[in-house]
Amino acid sequence: MNDNTDAEPQIWVDADACPNVIKEVLYHAADRTQTRVVLVANQSLRTPPSRYISSVRVAAGFDVADNEIVKRVNAGDLVITADIPLAAEVLEKKAVALNPRGETYTPATIRERLTMRDFMDTLRASGVQTGGPDALNQKDRQRFANELDKWLRQRR
């Protein structure tokens with residue numbers, strides 16, 4: 001476990017499902033603010049050359065990347081994920097969880113999201129077609145950038 005609480009807060013990215021446009025926002029922010037961004041995925045990732053951007057490749061498998069993020073994240077770090085159970089674990093470790101649409105999860109909203117996720121899983125298991133999320137749009141990207149900037153300002 002990574003218990004270095006004196007370290008500068010950093011950004012962890014659940015990179016397998018993170019949209020490329022959001023990764024680009026993160027790459028620019030990393031260099032602009034000299035903030036470490038670590039992408040965790042079960043495949044090789046191409047990242048721009050930067051001393052602030054790195055990636056960790058984990059073995060393929062269910063929740064392997066999520067488990068690696070939970071193992072490494074520190075209180076105060078930021079985790080970018082649309083995975084509700086991962087966000088819940090991150091919040092338990094006193095880190096911040098932000099989804100690619102710009103929603104910052106809180107202890108209050110995460111319980112609601114977990115309940116809704118479980119309900120939708122039950123519907124899908126019974127054969128109901130629930131569809132997926134809408135495509136990421138410009139408003140989502142802007143909301144994400146705004147929330148990222150807010151976190152970056154607070155860490156200074």
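The briefing covers the model itself, a helix pair and a pocket. This is a predicted model, in which local features need pLDDT of at least 70, side-chain atom pairs count only at pLDDT 80 or more, and totals for chains, interfaces and linings use all residues. Residues are numbered from 1 along each chain as its sequence is written, and side-chain values use heavy atoms, without hydrogens and water.

**Helix pair**
- Helix 1 (residues 20-33) packs against helix 5 (residues 138-155) at an angle of about 25°, and their axes lie 11 Å apart; helices are DSSP runs of H or I with at least four residues, and axes are lines fitted to C-alpha atoms over the stretch in contact, with angles from 0 to 180 degrees between N-to-C directions.
- The two helices are therefore roughly parallel to each other (angles under 35 degrees).

**Pocket lining**
- Three residues of helix 2 (residues 64-72) form the largest share of the lining of the second largest pocket.
- By class, this lining has nine nonpolar, three polar and five charged residues (nonpolar: Ala, Val, Leu, Ile, Met, Phe, Trp, Tyr, Cys and Pro; charged: Asp, Glu, Lys and Arg; polar: the others, Gly among them).

Conventions: Angles under 35 degrees count as roughly parallel, over 145 as roughly antiparallel, 65 to 115 as roughly perpendicular and the rest as oblique.
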